[in-house]
Amino acid sequence: MKVTTLIENENADHPQLFCEHGLSMLVETGGFSILFDTGATGHFMDNAKKLGIDLSHLNAVVVSHGHFDHAGGLVRLLQELDDSVPVYVGDGFLEEKYKKTPQGYRYLGVPPLKNPQRLHQLEKTTKLKDGIWIVKNFTKTNEFEKPNPLFVKKQKDGWQLDLFSDEIALAVRCRQGLVVIAGCSHIGIVNLLRSVQAQLAMPIFGVIGGSHLVEADTARLSATLDAFKQMGIQRCWLSHCTGLPAMEFLEQQFAGSFFKNHTGNQIEILE
C-alpha cells in the first residue's frame, strides 16, 4: 500500500510542489487507486503531474467532508475526470457550511459544482472492494472531544451547529491491521478511530491525514495519546488541521511512531 500526499499545508521537503491550506492524498493498494480529498484548488493535479502520477487511472474518489479545503479541487477534477469514475461523499456534503468569526459568518462549504449529480452520497459505511471500506456514521465515545460551536450550517429555519454527519473516512486492510485515512476528523480523531474499529471489528495499525487537534488543549492531547495507545495504534502520519503544537507533542510522546506528513511525502505499508 502506498499513500502519496498530493497537497497539504507545507512543502518543505518538496519546494517544487504547490502547497495550500488543504489536503489531498492518493491511496494505491492491490492495483486499486483512490483519490482521497481534493485540496482547496486544483493544484493537487499539478503536483501529481510533477510527481509523474497519472490520475486518469483512478478507480474512485472519496471526499471526506464538505469543507472547501478538502472539496474545492472537485471543481477542476470533475471537469477532467472520466464520468465512469465514482465520486463518493457523505450525505449532507452539499449543505451550506460556515464558521462564526468576529467579522461574521464565513462560508467554508463546497464551491458551486456544474455537475453535482455525479456525486454518490453515502448514508452508511460502504465496502468499496475486498479490504477497502468508506466508513461513515461515527459515534461519540468520550467526553474530551466536543463539537466546535464555531462551525455551523445554514438551514431554512436559521443556524444549526454542524456535527459533521457528512464526514467519511477510508479504511484499508493491510498485513498488520487497518490503516485509516481521515480528512479533518471534526467528529474527533478518537471518536472516528473507535467507530472504525467497532464497525469493522479489526485492529487499527495506523492513521494518516488530519486530526483537528489544532484546537486541543494539553488535557485533550494527553487523553488522545492514551486512547491511541489503548487502541494499539502503532503508526501516525498526521498533518493539515493537526496543528504544530499537537504534532510536536505527539512526536515527543509517541516517539518513533509519529511522523509529520506533508506535500510530496510517500508512505509505504506492507499489504
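The second largest pocket of this predicted model holds about 240 Å³ of space, and among the 17 residues lining that pocket, His 21, Asp 69, Lys 99, Phe 151 and His 212 are the closest to its centre. A pocket here is an open set of points on a 1 Å grid over the protein atoms alone, where a 1.4 Å probe fits, with protein on both sides within 12 Å along at least five of seven lines, and lining residues have an atom within 4 Å of a point. Volume is the space filled by probe spheres set on the points, which are joined across faces, edges and corners.

The largest pocket contains about 340 Å³, and of its 21 lining residues the closest to the centre are Pro 147, Leu 163, His 186, Ile 187 and Gly 188.

| Pocket | Volume | Lining residues by class |
|---|---|---|
| Largest | about 340 Å³ | six nonpolar, nine polar, six charged |

Strand S1 (residues 2–7) has five of its six residues buried, so the rest of the structure largely encloses it; buried means under 20% relative accessible area with a 1.4 Å probe, protein chains only. Strands are DSSP runs (E, at least two residues) numbered from the N terminus, and two of them pair if DSSP finds at least two bridges between them. S1 pairs in the antiparallel sense with S2 (residues 24–29) over five bridges, where Thr 5 has Met 25 as its bridge partner. S1 also pairs in the antiparallel sense with S18 (residues 266–268) over three bridges, with Thr 4 opposite Gln 266.

Residues are numbered from 1 along each chain as its sequence is written. In this predicted model, local features need pLDDT of at least 70 and side-chain atom pairs count only at pLDDT 80 or more, whereas totals for chains, interfaces and linings use all residues, and side-chain values use heavy atoms, with hydrogens and water left out.

Methods:
Nonpolar A, V, L, I, M, F, W, Y, C, P; charged D, E, K, R; others polar. Buried < 20%, exposed > 50% of the residue type's maximum accessible area, 1.4 Å probe, protein only. Helix = DSSP H or I, 4+ residues; strand = E, 2+ residues; numbered from the N terminus.
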